[in-house]
Amino acid sequence: MIAGLADFQALLKVVTVKRSLNFFRLIGSYYRSRITGKNLHRGLPVTISIEPTTSCNLRCPQCPSGLRQFTRDTGMLQQDLNRKIIDELHPTLAYITYYFQGEPYLNRDFLQMVRYAADHRIYTATSTNAHYLTPDVCEDTIQSGLNRLIISIDGVDQESYARYRIGGQLEKVLEGSRNIVEAKRKHGKGPQIVWQFIAFKHNEDQIQDVKKLAKEIGVDKLVIKTAQIYDFDVSDNLIPTNETLSRYRKVNGAFQIKNKLLNHCWRLWHSSVITWDGKVAPCCFDKDASHQFGDLYKQTFHSIWTNPSYNSFRKLVLKSRKNIDICQNCTEGTKIWA
């Protein structure tokens, strides 16, 4: 409860008049667009995802980064690009997720970039596999001003954990979790520490065990997440038997996402994704950034956000979302968390 209150207070601190007016402009134009079926988009994003890197130390079998299957280049976000994004957007931008693909802590400048966002009163979050959370890194994390740290833990024993987190060590995750919990206690401040447990067929019976372990370690929150599956040829080995823990259901012997894929998408109105090399993509479901609307090394974000290709994509979502490739495995409009 105390941790949840602290996180809520952190969110309140980023609220300004200009950001609030922008938010209401966005939500008003979103509902007008839904009702009319026309793209009446107005406003700038209130939240964005920035990719620190596409590199990762693990080889998770349903992750393009883990499988090394990107068609785009692998690299590290540079501080000059991070500064450019924040300098342009901070008047209306309230929230940055420093994550898209890859392991953020592999970028040695990652926490300095978080600090720059925090200095501009922007709420910051990231997601990590926790293998690099040494005591020194945890100290730097606290001092960076990071507001939310999501740690992936998909099993309560090494066999179950490594079934999906290939190349990972559960003990490293537990050690890193203890280190950040201890650093937060020491300083009396720090990010909300969230354990994220993705439910698979091989670990769905461990949910009560992970709840107990989360209390023992002292993390602030545990979230049970449904798995996103790309390769349905191996889905029988991954999708839980308990349908409430899955974002898919079997229809005529084949798996289908539960989402009805209605013709609207709030993500396209209020958020955007920026790759490590400055490409602007619509959302986190475009893992390979196949839909690119511009390049921040050559253009301003505002010119990209309002350009014809971005607006054409919004129009297409309002007309026939189910026919867009990246939308066909999307949870927008349905339940994400188990």
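Predicted model: local features only at pLDDT ≥ 70, side-chain atom pairs only at ≥ 80, totals over all residues.
Which residues is Ile96 in contact with, leaving aside its neighbours within four places in sequence?

View 1. Leaving aside neighbours within four places in sequence, Ile96 is in contact with Ile48, Ile50, Ile86, Ala117, Ile122, Tyr123, Thr124 and Ala125. Ile96 has a relative accessible area of 0% and is therefore buried. Strand E2 (residues 95-97) pairs with strand E3 (residues 123-128) in the parallel sense, over three bridges. Within this pairing, Ile96 stands opposite Thr124 in E3. The C-alpha atoms of Ile96 and Thr124 are 4.9 Å apart in space, although the two residues are 28 residues apart in sequence.

**View 2. The open sheet of nine strands.** The strands follow the order E6-E5-E4-E3-E2-E1-E9-E10-E11, and the pairing is mixed. Strand E6 (221-226) and strand E11 (294-295) are the edge strands, each pairing on one side only. Helix H4 (residues 79-89) packs on the sheet, where it touches strand E1 (47-50), E2 and strand E9 (271-274). The direction of H4 makes about 175° with that of E1. Helix H9 (residues 207-217) also packs on the sheet, touching strand E5 (192-199) and E6. Between the directions of H9 and E5 the angle is about 165°.

**View 3. Burial of strand E3.** Six of the six residues of E3 are buried, and the strand is mostly covered. Tyr123, Ala125 and Ser127 lie on one side of E3, and Thr124, Thr126 and Thr128 on the other. Both faces are covered, as every one of these residues is buried.

**View 4. Strand E5 and its two pairing partners, E4 and E6.** Five bridges join E5 to strand E4 (residues 148-152), and the two strands run parallel. Val194 in E5 is the bridge partner of Ile150. Towards E6, E5 is joined by six bridges, again with the strands running parallel. In that pairing, Gln196 stands opposite Val223 in E6. Eight of the eight residues of E5 are buried, so the strand is largely enclosed by the rest of the structure. Gln192, Val194, Gln196 and Ile198 point one way from E5, whereas Ile193, Trp195, Phe197 and Ala199 point the other way; all are buried.

**View 5. Packing of helix H4 against helix H5.** The axes of H4 and H5 (residues 110-119) come within 10 Å and cross at roughly 15°. With angles under 35 degrees counting as roughly parallel, H4 and H5 are therefore roughly parallel to each other. Their crossing is right-handed. Gln79, Asn82, Arg83, Ile86 and Asp87 of H4 make the contact with Gln112, Met113, Tyr116 and Ala117 of H5. By class, the residues of this contact comprise four nonpolar, three polar and two charged. Ile86, one of the H4 residues in this contact, is also among the residues in contact with Ile96 of View 1. Ala117 of H5 likewise takes part in the helix contact and touches Ile96.

**View 6. Packing of helix H6 against helix H8.** H6 (residues 135-144) and H8 (residues 170-187) pack at an angle of about 50°, and their axes are 9 Å apart. The two helices are therefore oblique to each other. H6 passes H8 in a right-handed crossing. From H6, the residues in contact are Pro135, Cys138, Glu139, Thr141, Ile142 and Gln143; they meet Gly176, Asn179, Ile180, Ala183, Lys184, Lys186 and His187 in H8. The residues of this contact divide into five nonpolar, five polar and three charged.

**View 7. Lys287 in the loop between strands E10 and E11.** The loop that holds Lys287 lies between strand E10 (279-281) and E11. Because buried means under 20% relative accessible area, Lys287 counts as buried at 17% relative accessibility. Not counting residues up to four places away in sequence, Lys287 touches Pro64, Phe70, Arg72, Phe100, Gln101, Gln228 and Tyr230. One of these contacts, Phe70, is 217 residues from Lys287 along the chain, and their C-alpha atoms are separated by 8.4 Å.

Conventions. Residues numbered from 1 in each chain as written. Heavy atoms only, no water. Axes fitted to C-alpha atoms, helices over the stretch in contact; angles between N-to-C directions. Helix = DSSP H or I, 4+ residues; strand = E, 2+ residues; numbered from the N terminus. Parallel < 35°, antiparallel > 145°, perpendicular 65-115°, else oblique. Left-handed = near helix turned anticlockwise from the far one by under 90°. Contact = heavy atoms within 4.5 Å. Nonpolar A, V, L, I, M, F, W, Y, C, P; charged D, E, K, R; others polar. Pairing = 2+ DSSP bridges. Buried < 20%, exposed > 50% of the residue type's maximum accessible area, 1.4 Å probe, protein only.
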